[in-house]
Amino acid sequence: MWEGSFVRSLRLLAGFDPLLVALHCPGAVAGGLPVGSPRRGGLSPPPRLWTWNGHDYEVVDRDVEPAGWAQLLYAGPYESTVTQIAGGLPTSGLSCESVVADMLDSLVLEPGHTTLELGTATGRNARLLAAQAGPGRVVSVEYDSQLAAAATANLEVTGGGVKVRVGDGNVGAPEDGPYDRVISTYAVETVPWAWVEQTRPGGRIVMPWGRLGHVALTVAADGQSAHGWVQGLATFMPSRGAEGPLWEQVRDGHPTAVETVFGLDLAALHADHHAVFALRVIRPDIQVRTAAREHGVTAWVHDGRSSWALVEYDGRGPAVAQQGGPRCLADELTSGWREWQQAGAPELWDFGMTRTPHTQYMWAHDPETGPRWGRREPKAGDLAA
Ligand SMILES: C[S@@+](CC[C@H](N)C(=O)[O-])C[C@H]1O[C@@H](n2cnc3c(N)ncnc32)[C@H](O)[C@@H]1O
């Protein structure tokens, strides 16, 4: 699933209390669920939803399976709902309530704030933003013109006050800026500089960072940088056009070359969200997905281009890695883990991000003096990727 499982585990670990959602989103919650949520019946819900059956996404139509459809729509606070599929992958959805609330909390949105949302989808989050910022303060950009039209209609019948624009959210909406708050509900690896430029000094930008984690940045007084802390472990669908190849596709091009004993405790890695996030920071071009099996754990690892690893632990003895391609990704994971340990094993909340016009990097503990990783030098015109 593209959103939720990490968040769910983390929330449970952190003793998450749905009541806190209400407290963190004053004015946005009534009757136990956010105002305007299709789950509460505010916005008109899409008649067609999709569910993952273990192999692919399956259509669930309101007219054909009303009970199954309602179950997906009124999913629990840790479940997202897929509302659009293209090429077999989700391209739009209703984010899970816990993540929506967490990101609104991180945004520190106050009445009167001019707000830019990227990724309108059904308009549910835009309605929540407008409930807090006030009418005429929210602009939302959606890539898909049909979704934008449906969201516009939805928002009109639930009170209006939100301007929906069709376009690429990575260029923002300069004609209505500058903004006090910017929030993206699709994931980017590199924060588009346009978002920083269109945010007032001292304003906040909240966005899902690529494959894992969401970050809140504050724009500096001179507008020439933005930095801030990792806020949680949300996983969102990527910006349209930025999807890379899947693990299977990378593996198919490169037959197995080496089989080795894996140097880490795979079960511990699977269970430790802090370690998984740290590896995402320290080895940013390596994608790792782990899943528990009946008696063990499997990890699928790839770099999106040339190399892959399949690591399996069957509950007895050490885990074994098969690796293919020019890189030995299982070994790179092991060295990344050691680097994390040597840095004092910073937790998820100890990491942060800095964006300047010419670079973006992650750090731990302190933006100036802490260790840094994953420096990217976005090229001119490189908006999101
Ligand atoms: C997870 S959904 C948004 C969830 C939503 N805001 C809610 O209220 O639950 C992500 C949306 O972002 C849109 N999107 C993806 N890439 C985009 C881009 N580059 N510009 C604008 N919209 C984009 C998708 O079409 C999709 O509707």
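This is a predicted model: local features need pLDDT of at least 70, side-chain atom pairs count only at pLDDT 80 or more; totals for chains, interfaces and linings use all residues.
Alanine 345 sits in the loop that links α11 to β19. Its phi is positive, about 50°, although alanine 345 is not a glycine.

Where does valine 108 lie? Look in the loop between α4 and β7, the strand of residues 115–118. Valine 108 has 15 other C-beta atoms within 10 Å, so it is partly exposed.

One more backbone feature deserves a look. Glycine 177 and proline 178 are joined by a cis peptide bond. Omega there is about 0°. Proline 178 belongs to the loop between β9 and β10.

Now step back to the whole chain. The protein chain holds eleven helices and 21 strands. It has 385 residues, and buried ones make up 49% of them. Consider next the contacts between residues at least 6 apart in sequence. Of these, 55% join residues at least 24 apart.

Turn to the strands. Ten of them form an open sheet with mixed pairing. In what order do the strands run? From one side to the other, the order is β9-β8-β7-β10-β11-β12-β13-β19-β20-β21. The edges are β9, residues 162–166, and β21, residues 372–376. Each edge strand pairs on one side only. From one strand to the next, the twist averages 20°.

Look inside this sheet at β13 and β19. β13 covers residues 226–232, and β19 covers residues 351–355. The two strands run antiparallel. How many bridges join them? There are four. For glycine 228, the bridge partner in β19 is methionine 353.

A helix lies across part of the sheet. This is α4, residues 97–107.

Two other helices pack against each other. They are α10, residues 273–282, and α11, residues 329–342. Their axes lie 9 Å apart, at an angle of about 105°. That angle makes α10 roughly perpendicular to α11, because angles of 65 to 115 degrees count as such. Which residues make the contact? From α10 come Ala275, Ala278, Leu279 and Ile282. From α11 come Leu333, Gly336, Trp337, Glu339 and Trp340. By class, this contact has seven nonpolar residues, one polar and one charged.

How values were computed: Residues are numbered from 1 along each chain as its sequence is written. Axes are lines fitted to C-alpha atoms, for helices over the stretch in contact, and angles run from 0 to 180 degrees between N-to-C directions. Angles under 35 degrees count as roughly parallel, over 145 as roughly antiparallel, 65 to 115 as roughly perpendicular and the rest as oblique. Two residues are in contact if their C-beta atoms, placed from the backbone, lie within 7 Å. Ala, Val, Leu, Ile, Met, Phe, Trp, Tyr, Cys and Pro count as nonpolar, Asp, Glu, Lys and Arg as charged, and the others, Gly among them, as polar. Two strands pair if DSSP finds at least two bridges between them. A residue is buried if 20 or more other C-beta atoms lie within 10 Å of its own, exposed if 12 or fewer, and partly exposed in between; C-beta atoms are placed from the backbone.
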